[in-house]
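Hi,

Here is the structure I promised to pass on.

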Amino acid sequence: MTFLELTKVNTFYGLSHILFDVSLSVNKGEIVGLLGRNGAGKSTTMKSIMALVPPRSGFIRFKGQDIKGKDPYLLFRTGIGYVPDDRRVFADLSVDDNLEIVYRRNGDWTKEKVYQLFPPLAEIKDRRAGHLSGGEQQMLTIGRALMGSPELLLLDEPTEGLAPLIVKALENQILQLKSMGISILLSEQNVKSALKLVDRVYVIDNGRIRFEGTVKDLETNEEIKKRYLMV
Amino acid sequence: MRKGTSTRNIGIGIAVVAVFFLLPAFLPRFYVYLISLMLVYGLLATSLNIVLGYGGVFQFHHCVFYGVGAYATALFLTKTGVPFILSFLAGAVAAAVLSFLMGIITVRLSKLYFGMLQISLGSLVWAIVYRWYSFTGGDDGIHGIPVPEIISSYNGSYYFTLAVTLICLFLIYKIIKSPFGSALQGIRDNPVRSGMIGINVKRHLLVALVIAGFFGGVAGSLFVVVDKTVFPDMLFWTLSLEVFIMCLIGGWFSFFGPMVGAAIVIALRTFVSGYTVYWALVYGIVMVFVIFFLPNGILGFLEQRAKPADEKKLIEKG
């Protein structure tokens, strides 16, 4: 069943045309990778879905409903969690309060459950979020998105700038989320890391989808890898 | 360590309150009146700070709610036979209603645009109060407002003001520390990000504005108790500016900052104006120094100085 579906989405920043007829889909319970170089349009695709940069044309459907043009807070309340690439936490609030203020759709996720998934956070509950390390902030942003019990999680370059050991832990946690039935759209520059996690792949370059297929398809397609991913 | 500081803070709090309760026994009447005024303005500035410091909203014309609260109480007391306590509450409710109506319009804009629209809407209210002689007394205001005997005496009004201010500060503190208050600070940090975690930013801010208006109205009603007069200058934008400055001088990121700021501004206004008519000059110089050297305000600065020790311990522990 198609869970999230983008059809011919065109997005602009002012006058500049960023996304050209981007179409992609995420099925229930799968992790879909959105790969591409810096500036290829990965983050803009995420922001288009979350209505932070509303697309000018095209359709975005979530659970069969047209969600284009809805306010971000309403999208969150229908079950889309978004973890932006700048992973900014609310710096003046404590870790606990960062989780506390999230709108909760239902009781599926509690703070305890988040702390179970990310044990390091439990130890620094009362610390100001602005004082956390990069990895801790990333866990907190994901945890924050989870507090709303999302059915779909948009992860924008979650491993960017993190130490290898933390990346490994994060990969496990992402797989754990998948096993809980959460669908994930994962954007990555780090192709190696991404291919370990995802079920299907889209390759995006210059705002256009250049490739669509399974991990195996991509691994055998040397040309795409060389041209758009530089690996 | 955390527990230790909190019990120490409670101890300090009790001591301060005790000193305030004993003051009238030592101080001459004039100073008791002055401290009442400081409390009223302190409450007003603190109510502004709910949205200014914690919500990041540029509420430039907060005094409208103060004035409307005062006028509502005064009108109820002079024109109707409603008991005092209801008239008092009517002030706060009237201010909250006005805040809601203005908020619906202003909350659509952000930052400076919000402030500009708010000044114009507030000035409209001021113009109505100023011109409507038959109802509000216009430029003359209303004098000799009948306040019940027990709280109209000098000490009575002081204790009443002190008690109401303490209750309001406690309530505001609870609101700030609640999840509602945390979300408000989240919105101050970044409204877009707050939307991304399901917070309805506009509605949240509107509720905060109504709360701020309500407590502003309480401060206005308290002024009626202390001074037994109301006048249109209470709604004039220059007073709003002054309250804004109180928040800045005291420290708009600390809870008691506006209280401290109010005390400083009132003291400056009272004592310096005894020496020179150019008291605003002194005031301006103080303002410049605070902005240059203490950008977080006086209390904010003191808190920062006290902090490093705590932070070090935290690092050692973690």
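Let's start at one spot: setting aside neighbours within four places in sequence, B:Val40 is in contact with B:Thr161, B:Ala219, B:Leu222, B:Phe223 and B:Val226 (contact means C-beta atoms, placed from the backbone, within 7 Å). B:Val40 is also listed with A:Leu154 and A:Leu186 as having the most contacts inside the largest nonpolar core, which has 160 residues. Such a core is a set of buried Ala, Val, Leu, Ile, Met, Phe, Trp, Tyr and Cys residues joined through C-beta atoms within 7 Å, and buried means 20 or more other C-beta atoms within 10 Å of a residue's own. Helix α11 of chain B (residues 201-227) gives this core its largest share, 16 residues.

Before you read on, a word on the model: it is predicted, so to speak of local features we need pLDDT of at least 70, side-chain atom pairs count only at pLDDT 80 or more, and totals for chains, interfaces and linings use all residues. Residues are numbered from 1 along each chain as its sequence is written, with chains lettered from A and ligands numbered from 1 in the order written.

Chain B has 15 helices and zero strands (DSSP runs, H or I of at least four residues for helices, E of at least two for strands, numbered from the N terminus). Of its 318 residues, 45% are buried.

As for the two chains, 17 residues of chain B are in contact with 21 residues of chain A. On chain B's side, α9 (179-189) and α10 (191-196) each give two or more residues, and α9(B) gives the most, with six.

Cheers

Conventions. Buried ≥ 20, exposed ≤ 12 C-beta atoms within 10 Å, placed from the backbone.
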